[in-house]
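Work through the exercises below with the model open. Try each task before reading its solution.

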Amino acid sequence: MARLDPLSRRNIPEFEPVWQTVEQSMGFVPNSMLIMARDPELLLHFGLLSRTAFGSENAPVSWWNRLRLFWRLAVIHLGLGPKRPDASVPQELRMLVAMAASLSAGCQYCTAHSGHAAFEEGVAQEKIDDLLRYEESPHFTPAERAALALGFAAGRVPNETTEEHFDELKKHYTERQIIDLMGTVAIMGFLNRWNDTLGTPLEPGPKDWAQKSL
């Protein structure tokens with residue numbers, strides 16, 4: 001059973017250029033993208049990344065559709081689209097979720113980066129110190145614990161998320177906010193694999209912070 005249902009394609013016609021491009025390549029529109037469509041910016045960036053990573057020669061995009069895609073992206077970035085009061089998860093929490101996912105994956109580079117970013121965003125050092133003890137720490141709210149539980153469980157291989165994780169998330173977050181949290185976990189999965197595999201050297205700023213704080 002899907003933890004979030006795919007949206008109906010006919011109810012999101014503004015993404016028709018995306019669906020047409022995907023259909024040219026795959027022959028159908030994946031439900032994964034129809035779930036992701038709750039966050040338009042995430043979907044568009046994912047589409048661009050996917051075209052680059054998997055190659056675009058089998059999925060040509062007309063200049064008209066390309067223009068429509070980039071106009072849609074510009075509208076989102078400029079804030080000209082419809083307002084979504086439920087759309088944002090605080091950046092501080094996103095960074096903690098990113099750190100949780102990286103800790104689960106064992107990527108020291110991404111753990112240092114996300115921890116340093118959380119600190120720079122104003123997250124109290126007590127929260128960073130207690131991240132592995134988030135379930136009993138008094139420094140976290142129930143909503144934060146639900147988000148961190150997702151980060152830790154989804155960052156592990158094999159994936160350890162359960163229906164209970166989503167039952168708890170839905171007590172505190174809208175579907176769009178859950179997509180935002182999942183977007184954070186998913187991009188960290190990409191970065192964890194990239195940096196851990198390549199042995200990316202840690203830069204002086206995050207390295208100095210990590211040596212003092214982690």
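## Confidence and fold

This is a predicted model. Its chain has an average pLDDT of 85, and 84% of the residues score at least 70.

**Exercise 1.** Find which elements of the chain have the lowest and the highest mean pLDDT.

*Solution.* 
- Start with the inventory: the chain holds eleven helices and zero strands.
- Helix H4 (residues 63-78) has the lowest mean pLDDT, 57. H8 has the highest, 98.

**Exercise 2.** State how much of the chain is buried, and what share of its contacts between residues at least 6 apart joins residues at least 24 apart.

*Solution.* 
- Burial comes first: 42% of the 214 residues count as buried.
- Next, take the contacts between residues at least 6 apart in sequence. Of these, 67% join residues at least 24 apart.

**Exercise 3.** Compare the span of H6 with the expected value, then list what its buried residues pack against.

*Solution.* 
- H6 covers residues 108-120, which is 13 residues.
- From first C-alpha to last, H6 reaches 18 Å, close to the 18 Å expected at 1.5 Å a residue.
- Its buried residues are Tyr109, Cys110, Thr111, Ala112, Ser114, Gly115, His116 and Ala118.
- These pack against helix H5 (91-105), helix H7 (125-129), helix H10 (175-198) and helix H11 (204-213).
- Past the helix comes Gly122, with a positive phi near 100 degrees.

**Exercise 4.** Is Thr111 buried or exposed? Describe its surroundings too.

*Solution.* 
- Locate the residue: Thr111 lies in helix H6.
- Its relative accessible area is 8%. Buried means under 20%. Thr111 is therefore buried.
- Look for a polar partner. A polar atom of the Thr111 side chain lies 2.8 Å from the backbone oxygen of Cys107.
- Now set aside residues up to four places away in sequence. Thr111 then touches Met99, Ser102, Leu103 and Leu214.

## Nonpolar cores

**Exercise 5.** Identify which residues touch the most other members of the largest nonpolar core, and which element gives the largest share.

*Solution.* 
- The largest nonpolar core has 37 residues; Leu96, Leu148, Leu169 and Leu181 touch the most other members.
- Two or more residues each come from H5, H6, helix H8 (142-155), helix H9 (163-172), H10 and H11.
- H5 gives the largest share, eight residues.
- Examine Leu96. Beyond its neighbours within four places in sequence, Leu96 contacts Ala118, Val123, Lys127, Ile128, Leu131, Phe140 and Leu148.
- A second, separate core has twelve residues, among them Phe15, Trp19, Val22 and Met36.

**Exercise 6.** Show where the buried residues of H11 sit around the axis.

*Solution.* 
- Pro206, Trp209, Ala210 and Ser213 are buried in H11.
- They cover an arc of only 100 degrees around the axis, so they lie on the same side of H11.
- Exposed on the other side are Pro204, Gln211 and Lys212.
- The cover over the buried residues of H11 includes H6 and H7.

**Exercise 7.** Why do the buried residues of H9 line one face of the helix?

*Solution.* 
- The buried residues in H9 are His165, Phe166 and Leu169.
- Seen down the axis, they fall within an arc of 90 degrees, so they line one face of H9.
- The face turned away from the buried side carries exposed Glu164 and Lys171.
- Packing against the buried residues of H9 are H8 and H10.

Definitions and conventions. Residues are numbered from 1 along each chain as its sequence is written. This is a predicted model: local features need pLDDT of at least 70, side-chain atom pairs count only at pLDDT 80 or more; totals for chains, interfaces and linings use all residues. Side-chain values use heavy atoms; hydrogens and water are left out. Helices (H or I, at least four residues) and strands (E, at least two) are DSSP runs, numbered from the N terminus. The expected span of a helix is 1.5 Å times one less than its number of residues. Buried means under 20% relative accessible area, exposed over 50%, partly exposed in between (1.4 Å probe, protein chains only). Contact means heavy atoms within 4.5 Å. A polar contact is a pair of N or O atoms within 3.5 Å; within protein, one must be able to donate a hydrogen and the other to accept it, and residues adjacent in sequence count only if both atoms are side-chain atoms. A nonpolar core is a set of buried Ala, Val, Leu, Ile, Met, Phe, Trp, Tyr and Cys residues joined through side-chain atoms within 4.5 Å. The arc is that of the directions from the helix axis to the C-beta atoms. pLDDT is the predictor's confidence in each residue, from 0 to 100.
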